[in-house]
Amino acid sequence: MRGALLIAKKEFLELSKDRKTLFFVFVLPFLLYPAIFGMVAKMGKRDADQNRNKASRVYLVDPSGALTGLLKADPKHFELMPRPEGDVKQAIRDQKLELAVEVAPDAAEALQKQQTFTITATQDESEHTSELALKRFREALRPQEKAWIQNRLQVLNASPQLAEPVKLEVKNAADTALEVGKAMGRMLPYLLMIMMYSGSMQHGIYTTAGEKERHTLLSLMATRLPRNQIILGKLLYIFSMGVIAALLNLLSMALSIPSIAGGSGSQGALGAVAAIANPVTLGLTFLIMVPLGLFFANFILLLGVQAKNTIEAGSAITPGIFLVIFLGVFTMMPGVEKMSFLSYVPVVNVCLALRKLFSQQSNWLEYWVAFAMTVGLAGLMTFISTRLLNREKALFNA
Amino acid sequence: MIRLDEVHKSFTVKDRKTRKPKRIDAVRGITLQVKPGEIYGLLGPNGAGKSTTLRMIASLMDPDAGRIEVCGLDTREKPEAVRACLGYLSTDMNVYGRFTPRELLRIFGEFQSVDPVVAERRGLHLLEKLDLADFADVKMEGFSSGQKQKVSIARALLHDPKVVIFDEPTTGLDVLTAKTVLDLLRIMRDEGRTVIVSTHVMPMVEEICDRVGIIFDGKLHGDAPPRDLLRSRNARSLDEVFFQLAAETEGGN
Ligand SMILES: Nc1ncnc2c1ncn2[C@@H]1O[C@H](COP(=O)(O)OP(=O)(O)OP(=O)(O)O)[C@@H](O)[C@H]1O
Ligand SMILES: [Mg+2]
């Protein structure tokens with residue numbers, strides 16, 4: 001093991017001499033996510049603010065004046081506009097208006113006679129602002145309508161409950177922790193996999209095919225270090241870079257969440273995260289990340305060792321990320337957790353185990369099967385990589 | 001001590017035109033011995049099989065047939081022990097550009113299980129001898145090919161190997177440095193080490209080698225001290241012997 005540690009140390013020393021790469025690995029994640037999340041939050045907030053604070057422009061035709069007072073009483077939400085030039089629909093499409101409301105001329109009379117009258121609202125369904133205007137109009141109309149109904153019931157001497165036979169109350173069985181946990185359980189394996197794979201990728205290529213290309217591998221192979229130690233050392237390095245990338249990215253994401261949730265609302269969500277992120281769950285997550293990371297590192301190592309140069313290695317290793325994304329999306333889909341044969345498909349079973357871990361329905365057998373299978377597969381690939389490196393073609397057929 | 005016994009090595013390459021695999025017999029039954037305190041010079045035209053022979057001695061390649069012993073160990077049975085006792089240098093090796101010579105030597109000292117203090121002292125001593133001490137703490141990225149070669153020489157000799165295998169060590173070096181390398185090899189020999197070098201520089205062979213072997217087409221010719229070789233062939237220089245052998249093997253084939 002000493003040889004492997006020496007090789008890994010050499011790889012890290014080489015990395016430490018490259019300031020730019022260091023920056024991209026260790027500092028960038030902490031700038032990237034706060035920036036992205038902050039920007040998304042800001043844009044979302046600005047859009048919401050703009051629409052919320054702006055009154056909707058409404059062209060109201062109400063000869064009997066049944067609704068004019070209602071809209072005029074709420075200048076924060078409604079700005080009554082004069083009749084637009086030309087077609088009303090066109091004016092809405094051109095966004096000169098958000099909504100046109102036409103109340104039947106006999107409205108006041110109909111109210112008096114306890115009859116129905118018609119309101120025609122014209123909106124542009126494809127415009128968010130127009131939708132909002134209609135929503136506001138509906139909301140303003142609802143209490144008014146209720147008041148009219150209550151009036152009519154009173155005239156009939158009937159109970160106010162006559163028009164409201166049912167009141168539906170909805171309760172949420174999942175607590176916030178479970179909800180957030182499920183969402184995280186679905187997202188986390190996906191994020192972890194992508195981050196680990198992409199974190200390992202470049203370093204894996206650099207230290208395998210890259211060493212061949214730069215003609216340094218031979219000097220390493222001419223030392224007394226056994227080949228399997230050299231392979232193990234490189235594996236250790238590739239694996240560590242993947243884990244480091246995943247942890248740093250996740251940490252930065254977690255730290256950026258408050259900025260997107262925006263102050264007060266985040267307290268609940270954060271509390272929920274804290275509740276599910278208990279030591280056991282986190283420990284088990286980390287534990288099963290190890291074989292998964294080893295699997296990826298071995299996959300990269302295998303392809304890197306057999307490649308003649310970095311472009312060949314890159315072309316073989318980069319498509320792996322699509323595979324990883326596909327796997328991730330697949331395990332995020334609803335229902336897959338019920339397909340029991342998936343527990344025996346390597347890598348997929350790790351994602352499922354993680355997902356279940358976070359939704360508090362973990363199954364120990366499944367967890368350890370996933371663990372053992374992935375470790376076994378990773379070990380097999382390490383063995384093949386060593387054999388590949390032992391072939392003289394790896395050294396002299398570049 | 002190096003001992004080769006009827007060593008064979010062939011490669012299969014693909015001929016793009018005929019689309020058929022083509023067998024190249026790079027080494028065809030080479031037998032030779034290099035004793036401690038001896039410098040053996042390996043000569044031969046391009047593609048003769050010199051590098052292949054040296055790689056097999058360094059246990060970086062396995063022979064197809066025959067036996068190779070280095071430091072009394074079979075290269076196929078104990079490759080790691082063999083590598084521990086030899087220092088190997090070839091033209092297709094490069095240095096790690098991100099490191100300085102001092103850093104590189106420290107790392108390789110660790111790989112070769114040399115005590116760090118000893119490695120540092122030996123490394124600096126070698127760099128001084130090769131006139132590179134001023135650059136000991138400069139990143140090697142910008143080094144000239146000769147400067148890189150000097151660092152590689154220091155790297156190969158760092159662990160005080162009993163057997164030294166240098167494949168074209170003076171390639172890319174100026175005459176002054178080339179002479180320094182030759183002096184270094186002589187010192188190695190006088191310290192009782194076993195040295196084998198390949199080269200295209202005939203005067204160097206005449207100057208420092210105790211024995212020479214000339215490889216043509218994977219076969220060894222005239223395994224003798226340079227002076228004996230000249231006398232037996234009635235030649236004035238090794239160049240002349242070389243031309244004679246070239247003519248003979250051409251006729252023989
Ligand atoms: N890895 C390899 N794959 C295929 N053929 C090879 C390989 N290594 C060497 N050869 C072939 O073996 C023969 C001997 O090559 P070698 O490198 O030993 O020659 P050399 O004597 O060192 O030549 P030079 O003076 O040009 O360095 C050549 O024909 C070469 O093409
Ligand atoms: Mg050669």
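**Exercise 1. Strand pairing in chain B**

Task: State in which sense strand 1 and strand 4 of chain B pair, and over how many bridges.

Solution. Strand 1 (residues 2–14) and strand 4 (residues 65–70) of chain B pair in the antiparallel sense, over five bridges. Two strands count as paired if DSSP finds at least two bridges between them. Strands themselves are DSSP runs (E, at least two residues) and helices are runs of H or I with at least four residues, both numbered from the N terminus. H8(B) stands opposite A65(B) in strand 4.

The model is predicted: local features need pLDDT of at least 70, side-chain atom pairs count only at pLDDT 80 or more, and totals for chains, interfaces and linings use all residues. Residues are numbered from 1 along each chain as its sequence is written, chains are lettered from A and ligands numbered from 1 in the order in which they are written, and side-chain values use heavy atoms, leaving out hydrogens and water.

**Exercise 2. The open sheet**

Task: Give the strand order of the open sheet of four strands in chain B. Then find its edge strands.

Solution. Step one: the order is 2-1-4-5, with antiparallel pairing. Step two: the edges are strand 2 (21–34) and strand 5, each of which pairs on one side only. Step three: strand 4 and strand 5 (residues 73–74) pair over two bridges. V70(B) stands opposite L73(B), and E69(B) has D74(B) as bridge partner. Step four: strands 4 and 5 form a hairpin with two residues between them. In the turn, C71(B) has a positive phi of about 55°.

**Exercise 3. A covered strand**

Task: Decide whether the residues of strand 7 of chain B are buried or exposed. Then list its neighbours.

Solution. Buried means under 20% relative accessible area, exposed over 50%, and partly exposed in between (1.4 Å probe, protein chains only). Strand 7 (residues 163–167) has five of its five residues buried. V163(B), I165(B) and D167(B) cover one side; V164(B) and F166(B) take the other. Strand 6 (residues 86–89) pairs with strand 7 in the parallel sense over four bridges. There L89(B) has F166(B) as bridge partner. Strand 8 (residues 194–198) also pairs with strand 7 in the parallel sense, over five bridges. D167(B) stands opposite S198(B).

**Exercise 4. Salt bridges**

Task: Say which parts of chain B are tied together by D64(B) and K9(B).

Solution. A salt bridge is a side-chain nitrogen of Lys or Arg within 4 Å of a carboxyl oxygen of Asp or Glu. D64(B) and K9(B) form one at 3.8 Å, N to O. D64(B) lies in the loop between helix 1 (50–57) and strand 4, and K9(B) in strand 1, so the pair ties together parts 55 residues apart in sequence. K9(B) is buried at 4% relative accessible area, while D64(B) is partly exposed at 43%.

Next, D223(B) and R211(B) meet at 3.3 Å, N to O. D223(B) is in strand 10 (residues 219–224) and R211(B) in strand 9 (residues 211–216), twelve residues apart. D223(B) is partly exposed at 30% relative accessibility, and R211(B) is partly exposed at 23%. In chain A, salt bridges with shared partners join K10(A), E11(A), E14(A), E211(A) and K234(A) into one network.
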